Amino acid sequence: MDASASPRLERERHLLFLEMMALGLPKEYESQEVNRLTLAYFAISGLSILDALDRVDKDQVANWVLSFQAHPRMVADLDSGEFYGFCGSRTSQFTTSICEVSRQNCSHLASTYCALAILKMIGYNLSNINPESILISMRNLQQPDGSFMPIHFGAEMDLRFVYCAAAICSMLNNWTGMDKEKAKDYIVKCQSYDGGFGLVPGSESHGGATYCGVAALQLMGFIGADICSKQAQSAVIDMPLLVEWSLKRQSFDGGIQGRCNKPSDTCYAFWVGGVLKMLGVYEFIDKDALRDFILSCQSKYGGFTKFPENMLPDLYHSYYSFAALSLLGEPGLRPLCVELGITASDDGNGK
């Protein structure tokens, strides 16, 4: 390929986009208020990949994130079934007309994952957050089949939340928050006949679900990083079929689809690309074609879109485009710890 014809990553434009999103969200995000911590994770993580965390006040970010943590009033509360992690937004902590208690606990596994990831990226010492209350109460969310509820009442259960639980334990360096064997058994049941993973047993293979299953198994130590190793030959999942399914997700346009017969989408360049990276077979994709597809979704306003024909960027697809470009080795981007979804040097030791 002629290097002069290759598209260029508009770094400064992206930095301005992410900095703006980190400081305040446009009104179009009002409906996502309950996911404010997740949106912050996308913005802060994007800046981290671009090696530009100096553009935010880290102490201010840490204090803001910590304000979302739910705390038990007494030790006995940890056995009540409620989850004492992080709420998704300030509104999650408001009392309601149907709740007579002075404080409503609505912390969520996904919000807790995002909170810990942000804190790790800015160098905050995670031992300061009382990890025991998170881990003890999180174990109450695990179901008999090994899956997890994301909150302590009435919610769906699928691979996303098994992954969140595994990532939380990994970031806290403490696995008392889950039964790994039960979680492994649930993940194995989610592998489909074609090699990919569905969100629940028996469901269609999906790029995001496949990432969650593979990353959780790797974090828990049930699969290694070398597909050709002896360990891979006796792995708990069907590795060859998984590799075949994942490689087939790259489309004729160079992008990666999340499911069979679906259009390429920038976020799956990370979800499926990350699976291939973890399994040690990333070199078998057409990297130049994938890079061209991702950069064809680069918005003139900064950030990335879902599809090339879209005009306006969004935080979700912007972050996963940066993450995918990092996997591709784009110059100027920091490498990723793929299974945790954060930059690799964020070891959590803090300051």
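**Terms and values in a predicted chain**

Biologist: Asparagine 130 is placed in the loop between α4 and α5. How do you know where a helix or a strand is?

Modeller: Helices are DSSP runs of H or I with at least four residues, strands are runs of E with at least two, and both are numbered from the N terminus. By that rule the chain has 13 helices and two strands. This is a predicted model in which local features need pLDDT of at least 70 and side-chain atom pairs count only at pLDDT 80 or more, while totals for chains, interfaces and linings use all residues. Residues are numbered from 1 along each chain as its sequence is written, and side-chain values use heavy atoms, with hydrogens and water left out.

Biologist: Why is asparagine 130 called partly exposed?

Modeller: Buried means under 20% relative accessible area, exposed means over 50%, and partly exposed is in between (1.4 Å probe, protein chains only). Asparagine 130 has 36% relative accessibility, so it is classed as partly exposed. Its phi is positive, about 60°, although the residue is not a glycine.

Biologist: What makes asparagine 173 exposed?

Modeller: Its relative accessible area is 67%, and asparagine 173 is therefore exposed. This residue lies in the loop between α6 and α7 (180-189).

Biologist: Why does tryptophan 64 count as partly exposed?

Modeller: Because its relative accessibility is 30%, tryptophan 64 falls in the partly exposed class. Tryptophan 64 is found in helix α3. Leaving aside neighbours within four places in sequence, it is in contact (heavy atoms within 4.5 Å) with Arg36, Leu37, Ala40 and Arg90.

Biologist: What makes α4 largely enclosed by the rest of the structure?

Modeller: Of the 13 residues of α4, 12 are buried, so the helix is largely enclosed. Among the buried residues are Leu109, Tyr113, Cys114, Ile118, Lys120 and Met121. The buried residues of α4 pack against α2 (36-49), α3 (58-66), α5 (131-139), α6 (159-172) and β2 (342-343). Just after α4, glycine 123 takes a positive phi of about 85°.

Biologist: How do you know that the radius of gyration of the chain agrees with that of a compact globule?

Modeller: The radius is taken over C-alpha atoms, and the globule rule is 2.2 Å times the number of residues to the power 0.38. With 351 residues, the rule gives a value near 20 Å; the chain has 20 Å, and therefore agrees. Along its principal axes the C-alpha trace spans about 65 × 45 × 40 Å. Of the 351 residues, 54% count as buried. Among contacts with a separation of 6 or more, residues 24 or more positions apart account for 67%.
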